[in-house]
Amino acid sequence: MSDHPPEVNTVEAMTPRHWLNLLAKREQKQLMWAAVWGVLAGMQTVLLVVGLAWLIDQLVIVGRSPWSLVLPLVGLVVVVLLRSLFQALQETCSAKASLRIRQYARQTLLDKISALGPTWLTRQQSGALATQSVEHIEALDGYFARFYPQLRIVVALPMLILSIVVWLDYLVAFFLLLSAPLIPLFMALVGMGAERLNRDQFMAVSRLSAHFIDRVRGMTTLQLFGHTKEAQQDVWYATDHYRRLSIRTLRLAFLSSAVLEFFASVAIAVVAMYVGFGLLGYIDYGPSPQLTLFSGLAVLLLAPEFFQPLRTLSQHYHDRAAALGAAESVVAILNEPNQVASSPLPPSASGVLLELDGVDIRYAERTPVLSDVSMSLRQGDVAVLTGESGSGKSSLLALMAGFMRPTRGVCRIDLSIPIAWLDQAPCILQGSLADNLRIASPKADDAALVKALQRAGLGKLLASLPHGLETTVGERGVGLSGGQAQRLALARVYLSQARLILLDEPTASLDAETESVVIQALLEWAGEGRTLVMATHHPAVMTVANRHFVCRSGQLVEVKQ
């Protein structure tokens with residue numbers, strides 16, 4: 001059951017990187033402030049190490065008393081507090097931006113799935129979609145909360161430190177500048193492998209989720225045929241494959257961190273050797289003769305801080321690879337062409353609720369199910385669709401409901417009317433009877449719910465239930481018989497006050513009692529002036545109709561009554 005089809009804008013084809021950039025632009029201001037606070041926190045660290053070097057020089061070389069340096073010490077304490085404040089502000093801004101981006105990304109994905117419609121959903125695995133909507137979206141957190149701001153910090157902060165080192169000793173600055181490009185180079189080399197591994201890992205966890213849910217849903221069938229051990233073995237193999245991929249990803253992350261730490265440590269060691277030999281007088285090249293305890297200690301303490309933004313970026317580079325791997329699966333859905341009719345036109349004449357003009361219905365890479373369909377439905381029409389199995393009856397109903405769009409032609413729907421869909425296997429959700437009924441009318445009171453159940457022939461059942469409307473039913477109607485589930489769906493239609501009702505084999509596989517209830521409901525709806533379209537072969541249902549359409553050889557033919 002659904003209201004008129006929602007308007008969904010088509011999404012241009014995009015790459016994972018393009019999509020991540022579009023998401024980042026939505027919170028550009030917050031992310032920029034996170035980078036600014038990060039740079040300011042780094043500047044406080046620079047002030048702290050330079051100040052410590054100056055204090056040690058004053059105590060050891062100049063010989064000043066500790067009491068005369070109380071004020072500079074207080075200043076350094078203030079610097080430490082400011083650094084903590086700026087770091088907290090950085091984390092707050094980046095966390096807020098990441099949360100908003102993930103909320104928007106998840107809503108975009110769910111809107112797209114809605115735009116693709118139920119017809120597309122029948123070809124997907126619900127476990128994989130659930131994983132993409134939850135875990136893959138959450139995998140974007142590290143990219144926006146840590147990597148993206150750090151990408152800006154790593155440009156500004158090392159340049160600031162390098163300028164101070166140039167002022168203190170330009171030869172040390174040369175050492176740092178010579179070794180700095182090695183870290184981004186190895187990050188890029190590692191990143192290509194990590195991105196591929198993360199993509200494979202996300203695909204594996206999606207398959208594992210779908211595989212597990214399929215086996216759980218089919219557990220009864222597997223038990224009946226004695227194949228539970230084989231199913232258990234299949235799940236074990238899928239789990240072991242995911243474990244191996246996870247270990248490979250972690251191994252690459254640890255190895256890359258070790259390599260990057262090695263190059264940073266070697267560069268710092270070179271600086272330490274230079275400062276030590278320079279202070280001892282073994283080096284007299286360039287600025288070495290002018291080295292003092294203050295300048296030597298300052299550049300030695302600044303060297304790790306010069307590499308720290310790069311090392312932090314390398315630590316978060318795995319977040320980038322994970323985000324790209326997750327984004328690829330999400331973008332694959334976003335790039336799917338919409339199946340739901342996106343902008344239905346108003347009716348062409350007064351009283352016409354639905355009009356098809358030269359419509360073709362086909363599925364991807366298949367021949368058309370129906371071709372050149374033209375028909376119109378007016379208010380109060382009761383139409384039946386007949387034809388052999390696979391002739392296109394259900395596809396035509398799905399098109400009328402807005403679940404898919406025609407490959408050619410125009411489908412015009414009156415947007416002012418709600419549409420109800422009644423399938424032969426109605427959707428029953430885990431929850432109470434009231435919860436399932438309020439899907440059609442969220443604001444309906446208990447009296448309206450009871451009346452709808454009575455009209456649908458469930459009055460006796462309701463009276464026998466100790467918890468009444470709060471009685472819990474399971475997913476897919478567990479706890480109800482097939483006929484009771486069908487009547488519950490009928491009660492929804494009563495509540496919806498839908499003017500256009502689409503029914504797909506409404507009396508199939510029903511017992512005689514439930515069938516009579518359904519037929520009585522059809523007669524009541526027809527008497528109320530509602531428009532009905534039914535796919536059926538049942539003679540009793542066909543007698544209710546005033547229009548008869550036959551799906552034959554890819555064509556829709558109206559049989560004159």
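**Entry 1**

Strands here are DSSP runs of E with at least two residues, helices are runs of H or I with at least four, and both are numbered from the N terminus; two strands pair if DSSP finds at least two bridges between them. Within this pairing, Leu500 of S8 is the bridge partner of Ile419.

I had to note at once that this is a predicted model, in which local features need pLDDT of at least 70 and side-chain atom pairs count only at pLDDT 80 or more, while totals for chains, interfaces and linings use all residues. Residues are numbered from 1 along each chain as its sequence is written, and side-chain values use heavy atoms, with hydrogens and water left out.

**Entry 2: strand S1 and its two partners**

I then turned to strand S1 (residues 352-361), where nine of the 10 residues are buried. Six bridges join S1 to strand S2 (residues 370-378) in an antiparallel arrangement, and in S2 I found Ser376 as the bridge partner of Glu355. Strand S4 (residues 408-413) also runs antiparallel to S1, joined to S1 by five bridges, and there Arg408 is the bridge partner of Asp360.

**Entry 3: two residues with positive phi**

I looked up Asp372, which lies in strand S2, and saw that its phi is positive, about 50°, although Asp372 is not a glycine. Most residues other than glycine have a negative phi, and most peptide bonds are trans. At 48% relative accessibility, Asp372 counts as partly exposed.

Ser553 also has a positive phi, near 55°, and is a residue other than glycine. I located Ser553 in the loop between strand S10 (547-552) and strand S11 (555-559), and with 74% relative accessibility Ser553 counts as exposed.

**Entry 4: the second largest pocket**

I next examined the second largest pocket, whose volume is about 480 Å³. A pocket is found on a 1 Å grid over the protein atoms alone, as an open set of points where a 1.4 Å probe fits, with protein on both sides within 12 Å along at least five of seven lines, and lining residues have an atom within 4 Å of a point. Grid points are joined across faces, edges and corners, and the volume is the space filled by probe spheres set on the points.

Which residues lie nearest the centre of this pocket? Of the 21 residues in the lining, these are Gln87, Gln90, Gln150, Ile153 and Thr312. Helix H2 (28-62), helix H3 (70-121), helix H5 (141-168) and helix H10 (293-334) each supply at least two lining residues, and H5 gives the most, with six.

**Entry 5: buried residues in helices**

I followed H5 to Ile161, which is found in that helix and is buried, with a relative accessible area of 1%. Leaving out residues up to four places away in sequence, Ile161 touches Val46, Leu302, Glu305 and Phe306, where a contact means heavy atoms within 4.5 Å. Ile161 and Ala303 stand 142 residues apart in sequence, yet their C-alpha atoms are 8.6 Å apart in space.

In helix H10 I looked up Ser295, which is buried at 8% relative accessible area and, leaving aside neighbours within four places in sequence, is in contact with Leu168 and Gln290.

Is Ser179 buried or exposed? Ser179 is buried, with a relative accessible area of 13%, and its place is in helix H6 (residues 170-179). Beyond neighbours within four places in sequence, Ser179 is in contact with Ala267 and Phe307; the C-alpha atoms of Ser179 and Ala267, 88 residues apart along the chain, are separated by 6.4 Å.

**Entry 6: the whole chain**

I ended with the chain, which has 17 helices and 11 strands, and in which 48% of the 561 residues count as buried.

Notes. Buried < 20%, exposed > 50% of the residue type's maximum accessible area, 1.4 Å probe, protein only.
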